[in-house]
Amino acid sequence: MSEQSPSIAGYRLAADRLIDKLPVGDGLWLTDKRRAAARRFNELRFPDTRQEDWRYTSIKGLLEKGFIVNDDTHRSFAPHTVKRQFLNEPVAGRLVFVDGLFQHELSDTDLEGVQLSSLNSVMTAGDQTVLKALGSLSGIGDHGFAALNMATMQDGAVIRISNGVNVEQPIELLYLTSRAAASFSLCPRHLIILEEDAKATLVERYLSLDEDEHFTNLVCEIVLGERAHLHHQRVEQESPQAYHLSELYLGLDAKAEYRLVSASLGAGWSRTRINSRFTASGANCELDGLYLAGDGQLVDYHLDIDHAVPDCSSRENFKGILTGQGRAVFDGRILVREQAQKSDAHLSNANLMLSRHAEIDTKPQLEILADNVQCSHGTTVGQLDSEALFYLRSRGLNMEQARRLLCLGFASEILERFESESLRQQLCEVIRQRLETSMIES
């Protein structure tokens with residue numbers, strides 16, 4: 001079966017059916033933009049391994065599942081199971097989605113100077129001030145999945161922080177899937193806008209309440225005004241049977257600062273693509289990531305950092321731990337354009353291989369067209385240090401304990417950037433359990 005099965009026509013038909021069901025005459029449901037995206041999907045089709053960006057990441061298994069967007073708005077779940085997933089720390093506000101739909105009664109959206117709402121409510125109200133930013137960074141999609149997201153977007157978070165507002169406690173964005181999402185494609189669309197001098201911390205998580213198969217096809221646009229600061233803590237921890245695709249688009253104005261720490265620990269197949277473009281001087285972008293791939297898992301990270309203006313800085317540091325027959329792909333690209341003098345850009349990817357059957361395809365890239373820059377890139381692929389293992393065992397640890405301690409030490413540089421203590425502890429425990437399981441199986 002080819003990577004393009006099942007038929008493109010089936011996906012296009014499902015998209016057209018959903019668009020045809022949109023309300024008429026009330027609100028602003030972006031029907032024209034959705035239809036343009038559906039046509040764009042028809043032209044682009046799905047990506048395949050003949051394309052360089054998808055060379056190491058086959059979508060054959062994903063397409064064979066035949067995930068189609070579900071337009072049913074009546075789904076049931078137990079609220080107490082959702083509340084158990086909330087952060088332990090106090091939050092300034094909370095947006096909760098279950099199976100793609102906003103859950104107002106479980107959310108906390110009353111925050112002065114901040115708009116916390118769902119995309120559907122914004123479209124219902126016809127809020128053109130916000131909606132004009134939708135697609136401003138992503139367009140209608142540069143590959144088939146992104147175009148499908150624009151055409152069939154169901155709901156998503158809208159976070160808008162007004163000029164000069166400093167949100168001291170984190171905003172929580174919790175996206176959960178239950179058994180009701182089994183065999184369906186979910187197409188969330190998030191829009192995050194920080195106006196001039198605004199500051200906030202966002203904790204965004206994707207979790208599964210059940211172990212069923214589903215496909216999350218996400219697009220998130222983040223627009224930072226002058227001197228805006230956003231610290232973004234992001235966790236993908238869905239079911240091992242899940243497929244997860246995230247596209248993040250970042251637009252940074254003058255002296256804006258964006259810091260991301262990301263952990264990919266779940267889903268059987270996951271791909272995260274981060275597109276960052278500097279539009280004015282003095283901006284800074286820092287990306288840290290940790291991924292763990294075990295038997296049957298593929299984790300894929302793609303970075304596209306565009307230094308299009310002078311005097312901006314970026315730093316990317318990603319680490320991976322691979323066990324069993326786990327696979328990972330890391331493709332990081334930094335482009336420094338001719339006019340982007342005094343750019344400061346550094347990219348690093350380090351991988352720890354705990355099995356001879358694991359596989360990593362890593363390709364950090366620097367494309368420098370300017371001559372007054374400070375740039376570097378590098379990658380490492382290695383195993384646990386035998387001398388360190390010997391030292392720990394000489395201090396009374398058994399082999400499994402020593403290996404686990406070294407792995408957690410390797411990951412700690414990234415984990416420490418999660419400011420939420422409860423989240424950091426949870427991630428450490430997940431990694432510890434995964435490592436214990438992989439060592440038993442090996």
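Helices (H or I, at least four residues) and strands (E, at least two) are DSSP runs, numbered from the N terminus. This is a predicted model, in which local features need pLDDT of at least 70 and side-chain atom pairs count only at pLDDT 80 or more, while totals for chains, interfaces and linings use all residues. Residues are numbered from 1 along each chain as its sequence is written, and side-chain values use heavy atoms, with hydrogens and water left out.

**Figure 1. The annotated span, residues 183-410.** UniProt, in an unreviewed entry, lists this stretch as "domain: SUF system FeS cluster assembly SufBD core". UniProt positions follow the numbering used here, feature names are shortened, and annotations may be inferred rather than shown by experiment. In the model, the span is 9% helix and 59% strand. Its end C-alpha atoms lie 36 Å apart.

**Figure 2. Confidence across the model and at residues 1-5.** pLDDT is the predictor's confidence in each residue, from 0 to 100. The protein averages 93. A score of at least 70 is reached by 97% of the residues. Residues 1-5 have a pLDDT below 50. Beyond near neighbours in sequence, that stretch makes 16 contacts in the model (contact: heavy atoms within 4.5 Å). Where pLDDT is low, the predicted coordinates should not be read in detail.

**Figure 3. Ile161 in the largest nonpolar core.** A nonpolar core is a set of buried Ala, Val, Leu, Ile, Met, Phe, Trp, Tyr and Cys residues joined through side-chain atoms within 4.5 Å. Buried means under 20% relative accessible area, exposed over 50%, and partly exposed in between (1.4 Å probe, protein chains only). The largest core has 61 residues. Ile161 and Tyr258 have the most contacts inside it. Leaving out residues up to four places away in sequence, Ile161 touches Gly113, Val114, Val167, Ile171, Ile193, Leu194, Glu195, Ala198 and Ala200. A second, separate core of 38 residues includes Leu22, Ala38, Leu119 and Phe145.

**Figure 4. Helix 7, a mostly covered helix.** Helix 7 spans residues 144-152. Of its 9 residues, 9 are buried. They are Gly144, Phe145, Ala146, Ala147, Leu148, Asn149, Met150, Ala151 and Thr152. Phe145 also belongs to an aromatic cluster with Tyr11, Phe41, Phe46, Trp54, Phe67, Phe215, Tyr243 and Trp269.

**Figure 5. Two aromatic pairs, Phe97 with Tyr175 and Phe318 with Phe330.** Rings of Phe, Tyr and Trp (its six-membered ring) pair if their centres lie within 6.5 Å; planes under 30 degrees apart count as stacked, over 60 as edge-to-face and the rest as tilted. The whole structure holds 14 such pairs. Phe97 and Tyr175 are stacked, at 6.1 Å centre to centre with 25° between the planes. This pair links distant parts of the chain, 78 residues apart: Phe97 sits in strand 2 (residues 93-98) and Tyr175 in strand 6 (residues 171-177). Both Phe97 and Tyr175 are buried. The ring centres of Phe318 and Phe330 are 5.5 Å apart and their planes meet at 40°, so this pair is tilted. Phe318 is in strand 17 (residues 313-322) and Phe330 in strand 18 (residues 327-336). Phe318 is buried at 0% relative accessible area, and Phe330 is buried at 1%.

**Figure 6. Arginines over ring faces at Phe86 and Trp54.** A charge sits over a ring if NZ of Lys or CZ of Arg is within 6 Å of the ring centre and within 35 degrees of the ring normal. Arg94 lies over the face of Phe86, 3.9 Å from the ring centre. Arg271 lies over the face of Trp54, at 3.6 Å.

Figure 7. Asp361 lies in strand 20 (residues 359-368).

**Figure 8. Loop positions Pro240, Arg45 and Asp197.** Pro240 is in the loop between strand 11 (229-237) and strand 12 (243-252). Beyond four places in sequence, Pro240 touches Glu211, Ala267 and Gly268. Pro240 and Gln297 are 57 residues apart in sequence and 7.7 Å apart in space, C-alpha to C-alpha. Arg45 lies between helix 2 (31-44) and helix 3 (60-64). Its phi is near 60°, a positive value in a residue other than glycine. Arg45 is partly exposed, at 38% relative accessible area. Asp197 lies between strand 8 (189-194) and strand 9 (199-208). Phi of Asp197 is positive too, near 65°. With 33% relative accessibility, Asp197 is partly exposed.
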